[in-house]
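Please walk me through this protein and its ligand, beginning with the overall fold and moving on to the contacts between side chains.

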Amino acid sequence: MHQPVISGTGVFTPSEVITNDELVVAFNAYADKFNIEHAAAITAGEMAEMAYSSSEFIVAASGIHQRYVIDKSGILDPDIMYPTLRQRQDEEPGVMAEMAVDACNKALVQAGKTAADIDAVIVAASNLERAYPAVAIEVQELLGISGFGFDMNVACSSATFGIQAASDMVRSGSARAILVVNPEICSGHLEWRDRDCHFIFGDVCTATLVERKQDTSGGHFEVVSTKCLTKFSNNIRNNNGFLRRSRPDGVKDRRDMQFMQNGRKVFKEVLPIVSNHILSHLAEAGYSADQLKRLWLHQANKAMNDFIGKKVLGRVPEAGEQPNILQDYANTSSAGSIIAFSQYSEDIGDGELGLICSFGAGYSVGSVLLKRAL
Ligand code: COA
């Protein structure tokens with residue numbers, strides 16, 4: 001049995017930013033257009049007028065100030081309202097593979113490793129660019145890695161579930177080192193014309209290098225233990241898929257082909273599941289919450305994270321104990337907690353503990369308990 005560790009992380013951040021104000025201007029222009037187009041039905045009371053969005057609401061409801069995206073112009077054009085990405089030729093790298101290579105190279109540099117040291121690539125994300133060949137195998141090829149790759153999807157918990165899979169493989173000896181990669185093009189499955197959720201998501205890609213402790217040469221985080229949980233719920237759902245596409249009923253225009261959520265229910269139902277999950281994970285590992293130096297939580301909503309931190313620690317978390325990045329990145333699905341970990345882990349001292357926790361559609365919750373080793 002080998003001790004798995006995280007020895008490197010990398011974040012690819014798209015170059016284009018949309019602020020709340022820019023987003024709201026585009027949405028409100030779309031709402032004006034919609035209301036003019038449907039003026040007769042609205043006047044006849046057959047259809048509701050589309051209400052304006054507001055930056056104040058977005059910040060108050062979510063804590064989000066801006067988001068990074070792959071294509072800003074399509075999203076902000078009231079006649080389009082989705083990212084317009086150039087269709088790649090089969091011979092070219094896919095969009096996700098390109099993002100993944102950037103994030104993986106950063107993780108490799110941080111760990112002081114090359115492709116020759118890696119045995120596997122797991123691409124774990126909420127929505128994959130295609131069904132097959134696996135994006136992971138394309139990333140493996142682009143990086144020149146021997147061994148194997150596969151894709152997996154546990155929505156917002158894809159990264160932590162991927163880290164559990166990688167840690168178990170390292171522990172058992174089936175792979176020496178594994179890159180767990182989370183390319184999230186959330187802008188492609190968000191309905192930017194829906195006022196209730198148009199502000200929620202952004203794009204990013206994260207990579208985490210999980211390897212054997214004996215192969216590391218620098219500081220790292222030991223994976224003390226992992227814990228995963230799923231419980232079926234329809235409250236966050238995206239019905240897009242190959243079966244739906246083949247239906248002759250105009251499915252492309254169906255609202256449920258994009259991200260759907262009952263946000264209030266999610267808020268209420270997921271909070272106790274997550275707090276209890278973290279506390280039971282710590283107890284099973286023989287630790288208590290007051291031994292945690294840091295919580296790197298899923299980045300969906302500031303109020304949600306404030307609540308979880310308070311419930312787990314039994315007090316209001318101090319500044320820096322539970323860092324948020326959602327104000328800059330918005331919700332980036334599985335990548336959010338890994339961005340927080342990547343940006344806020346340097347100062348953790350030798351032997352100190354921290355916990356990554358993701359949660360979301362499924363429902364799913366995944367936690368990774370880490371101990372710093374310098
Ligand atoms: N601008 C202005 N007003 C808006 C608005 C917008 N963009 N969107 C909604 N509103 C209005 C609503 O119409 C509603 O008005 P009403 O009270 O007159 O009916 C009011 O603001 C409250 O809307 P609601 O949707 O209930 O807001 P909320 O406070 O519950 O916040 C979420 C919405 C989505 C931010 C919140 O529910 C949430 O974060 N849920 C969990 C999300 C999550 O973690 N999902 C996981 C995804 S992976």
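Predicted model: local features only at pLDDT ≥ 70, side-chain atom pairs only at ≥ 80, totals over all residues.

Residues are numbered from 1 along each chain as its sequence is written, and side-chain values use heavy atoms, with hydrogens and water left out.

The secondary structure comprises twelve helices and 13 strands, where helices (H or I, at least four residues) and strands (E, at least two) are DSSP runs numbered from the N terminus. The protein is as compact as a globular protein of its length, because its radius of gyration of 21 Å is close to the 21 Å that the globule rule gives for 374 residues; the radius is taken over C-alpha atoms, and the rule is 2.2 Å times the number of residues to the power 0.38. Along the principal axes, the C-alpha atoms fill a box of roughly 70 × 55 × 35 Å. Of the 374 residues, 54% count as buried, a class that means under 20% relative accessible area, with exposed meaning over 50% and partly exposed lying in between (1.4 Å probe, protein chains only). Among contacts (heavy atoms within 4.5 Å) between residues at least 6 apart in sequence, 77% join residues at least 24 apart. The protein exposes about 16,400 Å², of which carbon and sulfur atoms supply 52%; such areas come from the Shrake-Rupley method with a 1.4 Å probe, and for residues only the protein chains shown count as cover.

Which residues come nearest to the ligand? Of the 19 residues around the ligand, these are Ser53, Arg195, Gln261, Arg264 and Asn301, a residue being near when one of its heavy atoms lies within 4 Å. Helix 3 (55-62) and helix 9 (263-284) each supply at least two residues of this shell, and helix 9 gives the most, with four residues. Taken alone the ligand exposes 980 Å², and the protein buries 71% of that.

Next comes a serine in a loop. Ser157 is found between strand 5 (148-152) and helix 7 (158-172), and Ser157 counts as buried because its relative accessibility is 0%. Its side chain makes polar contacts with the side chains of Ser358, at 3.1 Å, and Ser364, at 3.0 Å; a polar contact is a pair of N or O atoms within 3.5 Å, and within protein one must be able to donate a hydrogen and the other to accept it, with residues adjacent in sequence counting only if both atoms are side-chain atoms. Leaving aside residues up to four places away in sequence, Ser157 touches Ser358, Phe359, Gly360, Ser364, Val365 and Gly366.

Helix 6 (residues 135-143) has Val135, Ala136, Glu138, Val139, Gln140 and Leu143 as its buried residues, and what covers these residues includes helix 5, strand 4, strand 5 and strand 6 (177-185). After helix 6 comes Gly144, whose phi is positive, near 75°.

The structure holds 19 salt bridges, each being a side-chain nitrogen of Lys or Arg within 4 Å of a carboxyl oxygen of Asp or Glu. In one of them, the closest N and O atoms of Arg88 and Glu98 are 3.1 Å apart; Arg88 lies in the loop between helix 4 (72-76) and helix 5 (95-111), and Glu98 in helix 5, ten residues apart. Both count as partly exposed, Arg88 at 21% relative accessibility and Glu98 at 40%.

Lys113 and Glu211 meet in a salt bridge of 3.0 Å, N to O, and this pair links distant parts of the chain, with Lys113 in the loop between helix 5 and strand 4 (120-124) and Glu211 in strand 7 (residues 203-212), 98 residues apart.

In the salt bridge between Arg254 and Asp256 the closest N and O atoms are 2.9 Å apart; Arg254 counts as partly exposed at 22%, whereas Asp256 is buried at 18%. Finally, Lys33, Glu37 and Asp79 are linked in a network of salt bridges.
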